[in-house]
Every structure is written in structure tokens, then in C-alpha cells.
Amino acid sequence: MSLETADKAVLERTGSFLENPRMTDAAFQSKFLQVLRDRGYIHQITHPEELDAAALAGPVAAYIGFDATAPSLHVGSLIQIMMLRRLQQSGHRPIVVMGGGTTKVGDPSGKDESRKLLTEADIQANIASIRSVFETFLTFGDGATDAIMVDNDEWLSKLGYIDFLRDYGVHFTINRMLAFDSVKLRLDREQPLTFIEFNYMLMQATDFLELNRRYGCVLQMGGSDQWGNIVNGVELIRRVDQKPAFGLTTPLLATASGAKMGKTAQGAVWLNADLRSPYDYWQFWRNTEDADVGRFLRLFTDLPLEEIARLEALPGAEINDAKKVLANEATALLHGPEEAAKAAGAAEAAFVQGALSDDLPTHEVPAAELSAGIMLAALFEAAGLAGSRGEARRLAQGGGLRVNDKAEADANRTITDADLVDGVVKLAAGKKKIVLIRPV
């Protein structure tokens, strides 16, 4: 039996567990849980009636943790960011926990192999880079419902290891820890699991306890892959301090075709503009599958549910209008309305009018290299229009590779400065992905 199954059984016996991907029949009284239910955020809740009563009584503080393994979060983290936004919109206090301490260990959940351990400087640089994203979704300050951001290295780095084991280790059994899905996955596949990673779940539980003591935080939220870790924190607070604590998870997101949310052939869909331009971000949402439009509008925009119901019911090709609304709204939340309008305008100019725009993504190449000639397949790969040269060749064979708005069947042909039009070479993969090649 996995830890998740074991925890579920314990909570079900006490009547303190609720699981239903849409929660359409849950009779919540608090605005917060009603909003999460109606928009499809809830997968599992511990102690649902207690949490509902707490959220109804007054502002509650809740947190989600984000490890700083890269200079940007990606779209896979956006549902968690939006949950914190819904929390604040409902009159409660979001706590963003940056994992300066836990990133030094590495979360084994959902991973087949150990992550590369980062230096202290790398971790702090990543946190600084990530911080700006949250400021577009949340209001920070000192008020009762203003968000705060904290770094768990502040307390984790100060824990004496022996004291840590004596105070908190006694509440965790090896039997139970070995039943974690994150641990079982590694062991079943005979992949190494380091002892430092094995301690991650203890550290995350300690985070919740520390946040409860410092800020009165009573709720931890996260993806369903964090369920076991979250339950450990809930139980630690209830055992050590005999205080109420709650856990809530979202479904792990996949597209209607089964692809992992936020992953593309060109890699992760980053939230920081320097890693993915507002135009490319807009295009990501514009390319949403038909079956996902309504769900993504509920999760990733602030549009009223009545308007979303109208948009997702649009017939036939009109669903493309709903996709544009999704792209505009999602891009405006992250990059601002002005950048969203620019991206939409650039797409309109490029695809409908065939015109160039300064807001289209640009890939710069040395002028000398372009003068000497660059193989088209290599240029497509470098510009991020194809994941590999082989993919560019397959795209050309299928008629989806275009140079200056003309189909190009030979991905091996050489692109030179003779192909420049108005100072750029316009490359397109299919109808929606365009990059301008600009010599420098």
C-alpha cells in the first residue's frame, strides 16, 4: 500500500478526508472553497468541514512552496500560483515559500533520478529571478490579507541535525516513508535515492510547522503529487502543537490528449519573459486543444464563470475565438494588458495580414555566419521552431516549414543574407509559430 493510499485510509476512517476531482456536490459555505470547487482546483482535502468553517470565520493563512531549481518557474506551476491568487481574492492571506533550504536537498517526488545539487549562489540567483512573477499575481504588503514571501532556508539552515532528529524525526517511521510513491518509484526502478533526498519529506513537514508558529498558517496547498508530504505536515502540527492544520491538493494537470501541462517540443513554457517572450506565451495558450478551453479559462483567467460557459460552448471553428480570449487573459495576468495586446496584434499581423511586426520573436545570428550560409534545419532548431534538425526536416516534408511566407520542402538548403527581406528572414513552423532571424 502506498503512503497516499495509507493516508487516505486513515483520514477516511476519521471522516476527515474528501476526494472528488470537481467537488461539484460539496456543500461548502466559505467563498474560498466554493471558488476552488467551481473552478476545478480541488482534488483532495483533509478535514474539509473544519477548513470550511475556518475559512468562513475569518482570514486564514495558507502557503505553497516553490523550489528554486531554475531561474524561472514554468506553466506547470501556474495552477499553484493561481490558487494563491484565488485565496487572496477570497479575503485570505497567501504565503509564498521559496525553497532556499529544500532546494539544497531536492524533492524526489515524481523524479526518476537525483537532481543536480545547486550552489548557494545559484539558488539565491534563482529566487531573485522568480520573485517578480508572483508580484504580477498577488498583492504584497503588511495587511491581514496581503501576501508575504519567505525563504525556508531562514529556519532550515539553523536546525541542529541531532536536535532536528530528536524533535521531529520521532514522528516519522521508516516503514511509512518507504511507502511514499516518490520513494517507491526510485526503488522499483532500481534508481539511487540519496539519504539527503530521503529527508526532504521531514523538512517539508517542518516548514508547515514553522509557518504555523510564525504566521499562524493553517493550510498547505500543492499538487496531488505532494499529498503525502502535505499530510505529514498536517499530522506533525496536530501531534506536536495540538493545533488545527489542513491540506488541499489540485489535480495534476495534463492536456486532453494526455500531454504534460506546460511541456512542448521546444521544452518548458517558462513564466519569466527573458526565457519565453510574451508573444510565445500568448501563442502557447492560443494553441490550446479544443477540449481544454473551458477548463483552462476557469483555472488560468479571472473571467466570470458565466462568460466562460458561453465561450466554451462556441460551435465549430468559433472555438478559436475562445482560445484568443484565453491567450489574451492569461498573457495579461503574467505580462500585463499592454504586452498581451502587442502579442495579439503581432499574431494578427503575421497570420492574417502576412506582415512583419517588431513584437514577433527574434533570433539573432552573427552577420558573418549568415553571409557564409546557415543550413535551414539548423536555423530552425536554433530559433526554437523545431526540437531537432530531424524534426525540421519532417516539418518540411509535411509542408509545414516556411521561409518568408513561402513553403520550403528542402530543410537542408542554405539560408544566406540573400534571403533577407526588410532586414530579417521570416521563418514559420506551421501556421502559428514564427521567428524573425536578424543578423547582428
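**Close-up views of a predicted model**

View 1. Asn212 is buried, with a relative accessible area of 5%; buried means under 20% relative accessible area, exposed over 50% and partly exposed in between, for a 1.4 Å probe and protein chains only. The model is predicted, so local features need pLDDT of at least 70 and side-chain atom pairs count only at pLDDT 80 or more, while totals for chains, interfaces and linings use all residues. Residues are numbered from 1 along each chain as its sequence is written, and side-chain values use heavy atoms, with hydrogens and water left out. Asn212 lies in helix H11; helices (H or I, at least four residues) and strands (E, at least two) are DSSP runs numbered from the N terminus. Apart from neighbours within four places in sequence, Asn212 is in contact with Cys217, Val218, Ile237, Lys243 and Pro244, where contact means heavy atoms within 4.5 Å.

**View 2. Helices H11 and H12.** Helix H11 (residues 200-215) packs against helix H12 (residues 227-240) at an angle of about 50 degrees, and their axes are 8 Å apart. Axes are lines fitted to C-alpha atoms, for helices over the stretch in contact, and angles run from 0 to 180 degrees between N-to-C directions. The angle makes H11 oblique to H12, because angles under 35 degrees count as roughly parallel, over 145 as roughly antiparallel, 65 to 115 as roughly perpendicular and the rest as oblique. Residues of H11 that meet H12 include Phe208, Leu209 and Asn212, and those of H12 include Ile230, Val234 and Ile237. By class, this contact of H11 with H12 has ten nonpolar, six polar and one charged residues. Here Ala, Val, Leu, Ile, Met, Phe, Trp, Tyr, Cys and Pro count as nonpolar, Asp, Glu, Lys and Arg as charged, and the others, Gly among them, as polar.

**View 3. Arg413 in a loop.** Arg413 sits in the loop between strand S13 (406-407) and strand S14 (414-415). With a relative accessible area of 23%, Arg413 is partly exposed. Not counting residues up to four places away in sequence, Arg413 touches Ile374, Met375, Leu376, Val403, Glu408 and Asp419. Arg413 and Ile374 are 39 residues apart in sequence, and 8.3 Å separates them in space, C-alpha to C-alpha.

**View 4. The whole chain.** The chain has 20 helices and 16 strands. Of its 440 residues, 50% count as buried.
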